[in-house]
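Visitor: I have a structure to go through with you. Can we take it piece by piece?

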Amino acid sequence: MTVMSPNAKARKRGRPSTHPVDRLRTRLWINVLKAVSGLSTAYALEMALDGHLVRKRDADVARPRKWDAYEKGTKVPFDRPGPRNAVDQAEARFPGAARWFRSPIWWYLKQEPFDARRLEEALRTLEPAVVSILFEAEAREGEGVPRQRPIDDRIAFELAMIASFDALVAAVLLAGMSEVIASPELRERALRVYMSLQSTIIKMPVMEGIYPELLSLIDVRCKHWVYLSPNLRMESVMFWQTFQQHMEEKADTSLDTVEQSPGASPPPS
């Protein structure tokens with residue numbers, strides 16, 4: 001029999017605390033849901049999806065405010081099969097937002113266990129434009145699914161040119177793949193794609209209020225590998241703010257050089 005010390009605190013029971021990544025993906029999901037539905041507020045979403053639960057009273061309106069909590073990220077939708085699944089509920093009415101909530105980037109950022117097989121399966125779930133770049137068009141004889149293409153500079157460039165959220169997800173998952181197979185070349189290419197996509201992600205309307213946290217999470221999760229010697233590797237974090245500032249300064253310097261060159265045309269008045 002185990003005797004509990006009088007000073008020991010009893011373990012709290014109930015639902016586990018919500019992971020910050022889940023809070024973030026819920027807020028992004030609501031942003032996408034607003035864009036897909038054309039509705040601009042959580043109240044409008046509630047009226048469209050749970051209007052039967054809203055009751056107008058003499059002095060005010062009684063409503064669950066579930067969608068307000070989703071908008072703020074203080075509550076995460078229950079994403080399991082069944083009538084309480086708000087993600088499926090919203091998807092049935094306004095298709096297109098669920099894949100953002102269920103993106104494989106979230107479990108990777110939460111540092112859930114993964115191996116090469118899980119990463120490959122996750123890559124296959126991304127949008128067709130990304131899958132067509134990362135995988136061969138058809139399965140080879142005797143194989144059930146198309147093989148991954150070798151990730152060379154051309155593939156990395158084509159992935160960056162898609163400039164979508166799923167392209168970003170692919171870059172992050174490929175960085176994860178580099179950990180599994182211990183490939184510095186893949187790491188370098190994956191992070192190069194990620195950094196090139198930052199400016200695009202920042203400008204996406206659905207990323208308003210989201211991208212600072214999202215990119216910071218990726219920065220910490222996908223560290224750069226610096227080799228001090230063949231047998232000594234150091235991990236370094238390059239934060240997106242510093243990289244974007246560097247790119248802006250580089251662009252300003254290039255513009256100044258063009259304007260100051262002898263053959264440059266004067267700026268428009």
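Visitor: How many residues does α11 have, and how far does α11 reach from its first C-alpha to its last?
Guide: This is a predicted model, to begin with. In it, α11 has 20 residues and reaches 30 Å from the first C-alpha to the last, close to the 28 Å expected at 1.5 Å a residue.

Visitor: Where is the kink in α11 centred?
Guide: The kink is centred on L197 and comes to about 40°.

Visitor: Which residues of α11 are buried?
Guide: The buried residues are L186, R187, A190, L191, V193, Y194, M195, L197, Q198 and I201.

Visitor: Now the core. How many residues are in the largest nonpolar core?
Guide: The largest nonpolar core has 68 residues, and W29 and L134 have the most contacts inside it. The largest share of this core comes from helix α10, residues 165–181, which supplies 11 residues. In soluble globular proteins, nonpolar side chains tend to be buried together.

Visitor: What is W29 in contact with, leaving aside its neighbours within four places in sequence?
Guide: W29 is in contact with W67, Y70, P77, A86, V87, A90, A97, A98 and F101. W29, W67, Y70 and F101 also form one aromatic cluster.

Visitor: How many aromatic pairs does the structure hold?
Guide: The structure holds nine aromatic pairs. One of them is W67 with Y70: the ring centres are 5.2 Å apart and the planes are at 90°, so the pair is edge-to-face.

Visitor: How are W67 and Y70 placed in helix α3?
Guide: W67 and Y70 are three residues apart in α3, residues 66–72, and so are separated by about one helical turn. Both W67 and Y70 are buried.

Visitor: And W100 with F165, is that pair stacked or edge-to-face?
Guide: W100 and F165 are stacked, at 4.7 Å centre to centre with 10° between the planes. This pair links distant parts of the chain, since W100 is in helix α5, residues 98–101, while F165 is in helix α10, 65 residues apart.

Visitor: Are W100 and F165 buried or exposed?
Guide: W100 counts as buried at 18% relative accessibility. F165 is buried too, with a relative accessible area of 3%.

Visitor: Back to W67. What is its relative accessibility?
Guide: W67 is at 0%, so W67 counts as buried. Leaving aside neighbours within four places in sequence, the contacts of W67 include I30, L33, A42, E46, L49 and D50.

Visitor: Change of topic. Which strand runs antiparallel to β3?
Guide: Strand β4, residues 232–236, runs antiparallel to β3, residues 224–229, and five bridges join the two. A hairpin of two residues joins β3 to β4.

Visitor: What stands opposite H224?
Guide: S236 in β4 stands opposite H224.

Visitor: Backbone next. What is phi of Q111?
Guide: Q111 has a positive phi of about 60°, although Q111 is not a glycine. Most residues other than glycine have a negative phi. Q111 is found in the loop between α6 and α7, and counts as exposed at 58% relative accessibility.

Visitor: And phi of A182?
Guide: Phi of A182 is positive, near 55°, and A182 is a residue other than glycine. A182 lies in the loop between α10 and α11 and is exposed, with a relative accessible area of 56%.

Visitor: Last one, for the chain as a whole. How many helices and strands are there?
Guide: The protein chain comes to 13 helices and four strands. Buried residues make up 37% of its 269 residues. Among contacts between residues at least 6 apart in sequence, 59% join residues at least 24 apart.

Technical notes:
Residues numbered from 1 in each chain as written. Predicted model: local features only at pLDDT ≥ 70, side-chain atom pairs only at ≥ 80, totals over all residues. Heavy atoms only, no water. Core = buried A, V, L, I, M, F, W, Y, C linked by side-chain atoms within 4.5 Å. Buried < 20%, exposed > 50% of the residue type's maximum accessible area, 1.4 Å probe, protein only. Contact = heavy atoms within 4.5 Å. Pairing = 2+ DSSP bridges. Expected span 1.5 Å × (residues − 1). Bend = angle between axes of the 7 residues up to and from the residue. Phe/Tyr/Trp six-rings, centres within 6.5 Å; stacked < 30°, edge-to-face > 60°.
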